[in-house]
Amino acid sequence: MHYADLYRKSIQEKKQFWRNEASKITWSKEPQNILSRENDDHYSWFNDGELNMSYLCLDAHVEKGMGKQTAIIYDSPTTNTIEHITYKQLLSSVSHFAAGLRNLGVGKGNTVIIYMPMIPQAIVAMLACARIGAIHSVVFGGFAPHELAMRIDDAKPKVIISASYGIEFGKKIPYKELVETAVKEAKHKPEFQVYYRREKGFDSLGGRNDIDYTALMKCGTVGPMEVSSTHPLYILYTSGTTGRPKGVVRDTGGYATALRFSMEYFYGAKPGEVFFTASDIGWVVGHSYIVYAPLLYGCTTVLYEGKPVRTPDAGVFGRIIEQHKVNHMFTAPTAIRAIKKEDPTGDLISAYDTSTLKQVFLAGERCDSATYFWLTELLKKPVIDHWWQTESGWPMLGTMVGLEPHDILPGSSGKPVCGYDIYLLDEDGNHVEDEHEGNVAIKLPLPPGCLPSLWKNEIRFKKSYFEKYPGYYLAGDSGYKDADGYFHIMGRIDDVINVSGHRLSTGEMEEIVSSHKSVAECAVIGIADELRGQRPIALVVIKNGVEEPELQLEESIVQLVRDKIGPVAFFKNVAVVKRLPKTRSGKILRKTICHIADGKPWSMPSTIDDPLIMEEVEAVLKSRNLGNAFQ
Ligand code: COA
Ligand code: AMP
């Protein structure tokens, strides 16, 4: 099948197209309503259908006789473990844990937060929630208690599932303590905290509402509960422009249909193949392509607890590909840059047999050409950049590998994936010409799998995505399309930055920096970083009369951001300036500061009262070597 034909069908004959795709998964009640318009911006897919995600990921395969096939390969250099878990074993664990959760009173529609390291018990917890119709919200382990507390207050979970600790480059992350601090800070108090003990005797549970994960496995088993197609499978929080994260809701039936479609036609995978996604279950990439899509499609998924480098070295991805005969790999460009930095010739990876690998998919951030060509040369396999986001849940732009071969254009994010009608619009909503930059907007309705709402926040849902261009979804990125129809994503148009493929809000960091007792006002911007793509820095104006030495002030602000957001923000630098450049209406000129730091052309804004302010900012950035322009 040709891409152009299938794509055209997906846009022009939406209902027929997705009815056909939905028929490829098992429903307990087949949907008759394929696409319904609920109101202006709200559409729902398959809203009279019923199904269960854990049934699709587990029971369906076991019933077909695939019980002995490996579902998960847990590969953890950090604990020296390699464990193969079959579909039958995974089904048994999930059914038991689901019964345990039910025993705690968790039922359909209740929320459960999962804050865990990359261990099989985390996947079991996710699927167990899905089995009983509970809505999980996985929180990335690199976030600090304050971030966890905000999610607790928004999702109001009945239970938090965690572990005694995580491991990061040999250092223990004390999850239990972090959970306790978060619960103390949150207004909402979950009824129970469930902890998986990674080491006997490592810690004692002690607390009144602390439950042992393993003990919960002894409450019998439960079968999959049918839920409506529109029933939320999960809430995944992501950064927006304000300090509060957005709770992206994912439905069940649309998501299952879209993921199955993506495995066949986008990733070109076949059931039984080995899929290795080197991300974290705390991100959307992990939800979709470590957990749900590979299992739903009957693949073997590699759950890797480690880093691309130093576990034990920069050859570890090669070792995994050879040892587990990986067919499809998915990672972020940052991971490849980290490998390239430690092993510029790639010898450590090429020492392994990577012949089973068909291609590598990259996403999470813009892929620079140097990284693309280095990896292509090293593996001699296609490298496919693809663009998507938490809100979509599956790829929006890329090269659909499962269709008849079509060209990959290095440096581009590819062409629209079936179902996505993508445009580039100017500030007034007009279509921009080819080769000109515009805001990425997708004509409604979005295809199945994309967010139906933000958790209990209809106003923010409308404001964030549909207000600017009625009838379109605003993706939050800018880009351009070339004459051959390839899209090039350039970066965010809002106050969101991308640090090592992690989406973070500079707005939130500004709120934290501003709360420091010595800070009068501040601007947090993302500057280019060779390894991480971007990293945040702050420019601060200090309050009159503050005598604190600059170094001490910097240390305490850095620590504050680390305490509030977590180490993952990679926030390291604070520079003191006398004044911040602003428009006459008082808006800080963040974009201009970014351009100065990154050495991009910029012009003096006509709205600025005193041009000397820009010179002062430039001098401070230069004196601190902050930004590509001053390296
Ligand atoms: N739990 C707890 N802490 C975590 C964490 C987690 N899951 N992930 C990261 N951190 C901590 C690290 O320990 C580190 O803490 P430190 O400042 O105390 O040393 C900090 O967050 C920064 O971590 P990271 O950005 O991962 O830097 P690093 O130097 O440890 O590793 C890379 C650099 C490039 C190897 C790493 O960032 C990486 O593997 N990136 C790829 C990420 C990815 O796959 N993203 C895709 C999302 S789709
Ligand atoms: P997240 O929601 O955390 O997955 O982050 C999504 C954001 O990451 C997008 O809006 C983009 O800004 C960025 N992103 C993801 N993939 C790509 C890509 N292939 N190229 C450029 N930017 C990307």
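In this predicted model, the axes of helix 12 (residues 333–342) and helix 14 (residues 369–379) approach to within 10 Å and cross at roughly 70°. Axes here are lines fitted to C-alpha atoms, for helices over the stretch in contact, with angles running from 0 to 180 degrees between N-to-C directions; helices are DSSP runs of H or I with at least four residues, numbered from the N terminus. Helix 12 and helix 14 are therefore roughly perpendicular to each other (a label for angles of 65 to 115 degrees).

The side of helix 12 that takes part in the contact (heavy atoms within 4.5 Å) comprises P333, I336, R337, I339 and K340, which meet A370, T371, W374 and L375 of helix 14. By class, this contact has six nonpolar, one polar and two charged residues. Ala, Val, Leu, Ile, Met, Phe, Trp, Tyr, Cys and Pro count as nonpolar, Asp, Glu, Lys and Arg as charged, and the others, Gly among them, as polar.

Attention now turns to the cavities. The largest cavity has a volume of about 70 Å³. A cavity is a set of points, on a 1 Å grid over the protein atoms alone, where a 1.4 Å probe fits but cannot get out, and lining residues have an atom within 4 Å of a point; the volume is the space filled by probe spheres set on the points, which are joined across faces, edges and corners. F317, I321, M329, I336, I339, I349, V360, W374, L375 and L379 form the lining. Helix 14 gives the most to this lining, with three residues. By class, the lining has ten nonpolar, no polar and no charged residues.

Residues are numbered from 1 along each chain as its sequence is written, while chains are lettered from A and ligands numbered from 1 in the order in which they are written. Local features need pLDDT of at least 70, side-chain atom pairs count only at pLDDT 80 or more, and totals for chains, interfaces and linings use all residues, with side-chain values using heavy atoms and leaving out hydrogens and water.

Key. Helices (H or I, at least four residues) and strands (E, at least two) are DSSP runs, numbered from the N terminus. Angles under 35 degrees count as roughly parallel, over 145 as roughly antiparallel, 65 to 115 as roughly perpendicular and the rest as oblique. On a 1 Å grid over the protein atoms alone, a cavity is a set of points where a 1.4 Å probe fits but cannot get out, and a pocket is an open set with protein on both sides within 12 Å along at least five of seven lines; lining residues have an atom within 4 Å of a point.
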